Structure formats: structure tokens, C-alpha cells
Amino acid sequence: MNVEHLALVAGEGALPLEILKAMIKKKAPPPKVYLLAENDAPYLDEGIAVQKISNPMAIAMILAKMRLMGIRRLMMAGGVPKKNIYSEEKLDRGAKSILSAVQDRNDHSLLAGVVKYIEKFGIQVMSYEEVIPELLAPEGHIAGPVADAEQLQDCEYGLNILRTLLPLSFGQSVVVSNRAVVAVEAMEGTDETIRRAASLSAHGILLKGMRADQDRRYDLPVVGVQTLRNMADSGLTGLFIEAHSVLLLEKETFLQEAERLGISVTGVATCRFL
């Protein structure tokens, strides 16, 4: 891989930094970082210079500058608030072109539209999965107490819900309590879904999976330490995630925090359905 021509488009969250740390640990030269997030301090702490992008919807301009810098490959990781697509003043011709070309505006379609547009610039979208395979959730008990009978029943019920939810592509998570749906993830994201569930039930589990046709190059679901802390604050005691398709961010700390908080973490067999 010619890292000199590799870029990392880094959105919100810990995933982009995890990728960079893994590359440094494996003695791979880090890519050029284009930062969409507000806070660049974690990158500077790692000795990584970043190019801050103030408007993530200026897509054509960003890609044109990448081409001038010799970028021919890029990885995309981290979140970009979906509300940006509703800020008409932020949209450049590239963003408008993408929005006009997609059939609908769910996450799946929008990301596919972005990648298709990037590739028109002669830039190849690379997978980050091969950089951090060790962060993928294994199947079976992962951390915390072993799931009890009630949690397993809620999991079985919730998986049936995910079979319907995931193909709709507006969320990847569901909160279940006593075999009833408490909250379903939408545009607000997993953390806000957990907080919303707290206002409705002080008990339950969280399930998170991956759509069958999600592109694994750039769209793997993630859970992290903050997920566990939000769950604990909301009274959720079980986290069930799709094995081999959900990333555990800050894995060592994540496992320790699950033990400390008493949250059962379990990797379940595939729940992806078209």
C-alpha cells in the first residue's frame, strides 16, 4: 500500500484514532488525516498533524484538493451528523449532486452515493477492517456477567425486531425490556437512543447489528466505553452485538468497563437480513 497517497477522512468518535494508533503500532506510516470532527487534540497528542475541514458538505472542493495533494486512496471512519444534509447553505455542487442522485436519503444510500462520487475523482475507497481486525466482536460471552435467562429471552425477541429494522436502514440498534421494544435507533444515533430509553424503562438490553449489504470498507457499526456508561446510566444491563461485524472501540478499556459496570456483553451470530 502506498501510504504517501493514502488519506483518512476522520469524523466524530474514537474510530479514526483507533485506526491511526493501530497503523502506528504496526509500524505503518500514518495516512494524511482530513479531520471533520471539532477536536483535534487527540490527534496532536499522538503526534499526528491534521487538515481540518470546516464544512464536510464542501465535498467537491475537498476531493479536488486531495487530488492536488496526490491522494489516490482514502479510508473513511467516524460519524458525520446527518443533519448537515438539511443545511442548504453548506452544500456545494458535489453534495448537491450526490443528494440528487440517490433514490432516498437513508444512511445506506447516502454513504453509497458519497463513495460513488469519490471514485469519480479517481480516488479509491479502501477498507479499514484489515487494519483493526482485532477489534471485531467475537461470538459468545465477551465481558461482564454471563447473560441470564431473561436477557437471553429479550435478545431472541430483539433479534426478530432487527431482522425487520436493519433492511430499512434508518438505525442499527434497538432497546428491549421484558420482550417489548422500548426504543429504536433513528437519526439521533445509538447514544441518544439509549438516553431516550431511560425515560421509558429503567431496565432492559441493547442490541446492535449490521445490514447485510452494508459496505464493510467504511460502514462497520461500533460500540465503545461511552456506550456502556450510557447504558449503565439508563439501567440497561445487557449488550448484544453482532459477532464479526461490530467493532469494540478502545477494546481493553471497554472490557474493563463492562466488568466494572456489571454489563453483560455478548456477541451473537449474524442478524443481518436483506
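Which order do the five strands of the open sheet take? The legends below take up this question and then turn to other parts of this predicted model.

**View 1. Five strands form an open sheet.** The strand order is E3-E2-E1-E4-E5. The pairing is parallel. Strand E3 (50-52) and strand E5 (124-125) stand at the edges. Each has a single partner strand, so one side of each is left without a neighbour in the sheet. In general, strands of a sheet pair through backbone hydrogen bonds, either parallel or antiparallel.

View 2. Tyrosine 34 has its bridge partner in E3: glutamine 51.

**View 3. A salt bridge links glutamate 46 and lysine 21.** The closest N and O atoms of this pair are 4.0 Å apart. Glutamate 46 sits in the loop between helix H2 (41-45) and E3. Lysine 21 belongs to helix H1. The pair therefore ties together parts that are 25 residues apart in sequence. The structure as a whole holds 12 salt bridges.

**View 4. The protein is divided into two parts, domain 1 and domain 2.** Domain 1 spans 6-130. Domain 2 spans 136-272. Their C-alpha centres lie 26 Å apart. On the side of domain 1, 18 residues are in contact with domain 2, and 16 residues of domain 2 take part in return. Between them the domains bury about 1,500 Å². Of this area, 59% is on carbon and sulfur atoms. Which residues of domain 1 lose the most area to domain 2? They are His108, Tyr128 and Glu129. Together these residues account for 37% of what the domain 1 side buries.

**View 5. Arginine 216 and glutamate 129 form a salt bridge.** Their closest N and O atoms are 2.8 Å apart. Across the interface of domain 1 and domain 2, two salt bridges are found. Six residue pairs are in polar contact across the interface of the two domains.

**View 6. Helices H1 and H5 each give two or more residues to the side of domain 1 that touches domain 2.** Helix H1 covers 15-25, and helix H5 covers 107-120. H5 supplies the largest share of this side, with six residues. What is the make-up of the side of domain 1 that touches domain 2, in nonpolar, polar and charged residues? The residues divide into 10 nonpolar, three polar and five charged.

Definitions and conventions:
Residues numbered from 1 in each chain as written. Predicted model: local features only at pLDDT ≥ 70, side-chain atom pairs only at ≥ 80, totals over all residues. Heavy atoms only, no water. Domains from an automatic or database assignment. Contact = heavy atoms within 4.5 Å. Buried area = accessible area lost by both parts, 1.4 Å probe. Salt bridge = Lys/Arg side-chain N within 4 Å of Asp/Glu carboxyl O. Polar contact = N/O pair within 3.5 Å; in protein donor to acceptor, adjacent residues only side chain to side chain. Helix = DSSP H or I, 4+ residues; strand = E, 2+ residues; numbered from the N terminus. Nonpolar A, V, L, I, M, F, W, Y, C, P; charged D, E, K, R; others polar. Pairing = 2+ DSSP bridges.
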